[in-house]
Amino acid sequence: MKLTEISHNINEWFNGSGPLADIVISSRIRLARNIAGHKFLSRCSAAEKLQILNKLRDVLKSLEFGDQITYISVDKAPALDKHFLVERHLISRHHAFAKGPRGVVFARREFFTAMINEEDHLRMQVLKGGCQLSQCAEQINRIDDMVEEKIDYAFSPRYGYLTACPTNLGTGIRVSVMLHLPALKMTGQIEKFLRATRDMGLAVRGLFGEGSEAAGDFYQLSNQVTLGISEADIVAQFEKSIIPEIVEYENAARNQLLSKQSDVLDDKISRAMALLRNAHLISSQEALFLLSHLRMGINMHTHMGVSTPAIERLCKLGAEDAPAKQDKISISTINRLFMLTQPAHLQLNHGKNLDPEQRDILRAKIIRSALHQDK
Amino acid sequence: MHCQICKKNQATIHLTEITDGIRTEMHLCETCAQENGIAAKSQLSVNELLNNLLATQPTDEDLFGSAEQAISCPQCGFTLEQFTKEAVLGCPHDYEVFEKSLLPLIEKAHNGRTTHCGKVPSKTSTDAKKQIELLTLQQKLDTAVKNEDYELAAELRDKINQME
């Protein structure tokens, strides 16, 4: 499969669907595993790494996923392809820029991706839109069982699944949700949220995980403890207390904005609309920031059933000259814009490399067109 | 573990002070720590965890890790010194070879927990599965005793004796 077969569209876990999708953008569960009888990667020779890579690639490709499976040799891939895979959340930044034989196996619909030879031999994950952690857990568990039928995992009765870093020991599970918290940010409560999550023993990271910043009001929240607690308990903690609490905080902040600061809100949304519909040059950073305001406005309209003058105007965009419902602006539009105007996506879809300024021009053009300003 | 000051929040900051050979420990939540002028860094990486841990080891005691500091893993040649540099281990056997030194780090990283009680590979031999069950029961027994739930503790102890 060529990457351009998927690069023109958004993946299904990012299309705005799923429970609580106005705040919980997506759910992800990742398992870390190592094959028994091999060293951890830091001590493997290139030959041993290659052995592990081939073994795991063959096992994964032999499984029944109900979808087309692709393998990409990350160490041999061109830089643009690697950047694309990172933008798509199919591999981590670490995996893209590391050294040595390594690869990724993923399903065409991108609900499943497995990195081979990242920090552990195997790191596989399932992603779904909205708050669907139980469903992710069920699916990744099944896949784990299928893999385990064909290879032996490094495991100890006392410490569980053995990982290269002791911080992943035990279940080897990382349960995360990607959250969109624009109102908490706008009402100055994001610091409180960050402190609360730390007190709950959770890790908060930016859009692209470890080492990234929280751009566009996106926050990735995940568990830190992986030993001495069962997978089911971690998932239950997220679903029954952590997520409901955060959703409540963000909704309360949104209500606060609507009732006490609606002028500030309208101003932010109007300015975002004006800039996005008219700018000739726009960076991905700026686009992310402005699209976040639009996303909040549309979600308020769709999920809270409220409107302000600016939100009304926003939601009517495209209604005049494109009465077909699918042309009207929606969350899917916003997410599409966000995903497809990232640097590697732009270049892959354009068919050639572009320098930063050319990218900023193309990005602005795509956005203006999607927001019905000019064709 | 709850914060010693407010007794409400989870303690995420653990301070150890050694004065005149006497060691005192304090466990605080971030709010109370800040209010008491104790600056706290969030989300310690493994490296920082490691350095903090190694720094608080009393040097005149028989360092439980001292024997382990000198050896290298027979299977992969890994040493603890390499671990302090790379923050990742060399092979699964390292968990056995360097168990004593790694245990405090594991405990800290996982909120005091040191025993696996989650999924077990289906291919695990019945012996290993029994081992896991025993370990889990032992952990529950320790918790019951700590919580002074002696009825539960007795039940668990009986179960353990039955299994062994």
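This note goes through a predicted model with chains A and B, point by point.

1. **Make-up of chain B.** Chain B holds 8 helices and 2 strands. Along the sequence the pattern is β-β-α-α-α-α-α-α-α-α. There are 164 residues in chain B, and buried residues make up 21% of them. Take the contacts in chain B with a separation of 6 or more: residues 24 or more positions apart account for 32% of these.

2. **Where the chains meet.** On the side of chain B, 39 residues are in contact with 38 residues of chain A. Two helices of chain B, α6 (99-109) and α7 (126-146), each supply at least two residues of the side that touches chain A. By class, this side of chain B divides into 19 nonpolar, 15 polar and 5 charged residues.

3. **The largest nonpolar core.** This core has 121 residues. Which of them touch the most other members? They are V24(A), V104(A), L179(A), L294(A) and L314(A). Helix α7 (residues 231-260) of chain A gives the core its largest share, 8 residues. Apart from this core lies another, of 6 residues, with A11(B), L28(B), C32(B) and A33(B) among them.

4. **V24(A) in detail.** Set aside residues up to four places away in sequence. V24(A) then touches G130(A), C131(A), V177(A), L179(A) and I243(A). One of these, L179(A), is also listed with V24(A) among the residues that touch the most other core members.

5. L20(A) lies in the segment before β1 (24-33) of chain A. Its phi is near 60°, a positive value in a residue other than glycine. L20(A) has 20 other C-beta atoms within 10 Å. The cut-off for buried is 20 or more, so L20(A) counts as buried.

6. **A87(B), another positive phi.** For A87(B), phi is near 65°, again positive in a residue other than glycine. A87(B) sits in the loop between α4 (80-86) and α5 (94-97) of chain B.

7. **Helices α8 and α9 of chain A.** Helix α8 (residues 262-278) and helix α9 (residues 284-303) of chain A pack at an angle of about 125°. Their axes are 9 Å apart. The two helices are therefore oblique to each other. The crossing of α8(A) past α9(A) is left-handed. From α8(A), the contact uses K268(A), I269(A), A272(A), M273(A), L275(A) and L276(A). From α9(A) come L290(A), H293(A), L294(A) and G297(A). The contact of α8(A) with α9(A) has 7 nonpolar, 2 polar and 1 charged residues.

8. **Helices α12 and α13 of chain A.** Here helix α12 (residues 343-350) meets helix α13 (residues 356-370) at an angle of about 85°, with axes 10 Å apart. That angle falls within 65 to 115 degrees, so α12(A) and α13(A) are roughly perpendicular to each other. P343(A), L346(A) and H350(A) in α12(A) meet R359(A), L362(A) and R363(A) in α13(A). By class, the residues of this contact divide into 3 nonpolar, 1 polar and 2 charged.

9. **The buried residues of α12(A).** Which residues of α12(A) are buried? They are A344(A), H345(A), L346(A) and L348(A). These buried residues pack against α2 (79-87), α11 (331-340) and α13 of chain A. L346(A) is buried and also takes part in the contact with α13(A). After α12(A) comes G351(A), whose phi is positive, near 90°.

10. **A46(A), at a helix in chain A.** A46(A) belongs to helix α1 (residues 46-61) of chain A. A46(A) is exposed, with 11 other C-beta atoms within 10 Å. Which residues is A46(A) in contact with, leaving aside its neighbours within four places in sequence? The partners are G100(A) and P101(A). A46(A) and G100(A) are 54 residues apart in sequence, yet 6.4 Å apart in space, C-alpha to C-alpha.

How values were computed
Residues numbered from 1 in each chain as written. Chains lettered and ligands numbered in written order. Predicted model: local features only at pLDDT ≥ 70, side-chain atom pairs only at ≥ 80, totals over all residues. Axes fitted to C-alpha atoms, helices over the stretch in contact; angles between N-to-C directions. Helix = DSSP H or I, 4+ residues; strand = E, 2+ residues; numbered from the N terminus. Parallel < 35°, antiparallel > 145°, perpendicular 65-115°, else oblique. Left-handed = near helix turned anticlockwise from the far one by under 90°. Contact = placed C-beta atoms within 7 Å. Nonpolar A, V, L, I, M, F, W, Y, C, P; charged D, E, K, R; others polar. Core = buried A, V, L, I, M, F, W, Y, C linked by C-beta atoms within 7 Å. Buried ≥ 20, exposed ≤ 12 C-beta atoms within 10 Å, placed from the backbone.
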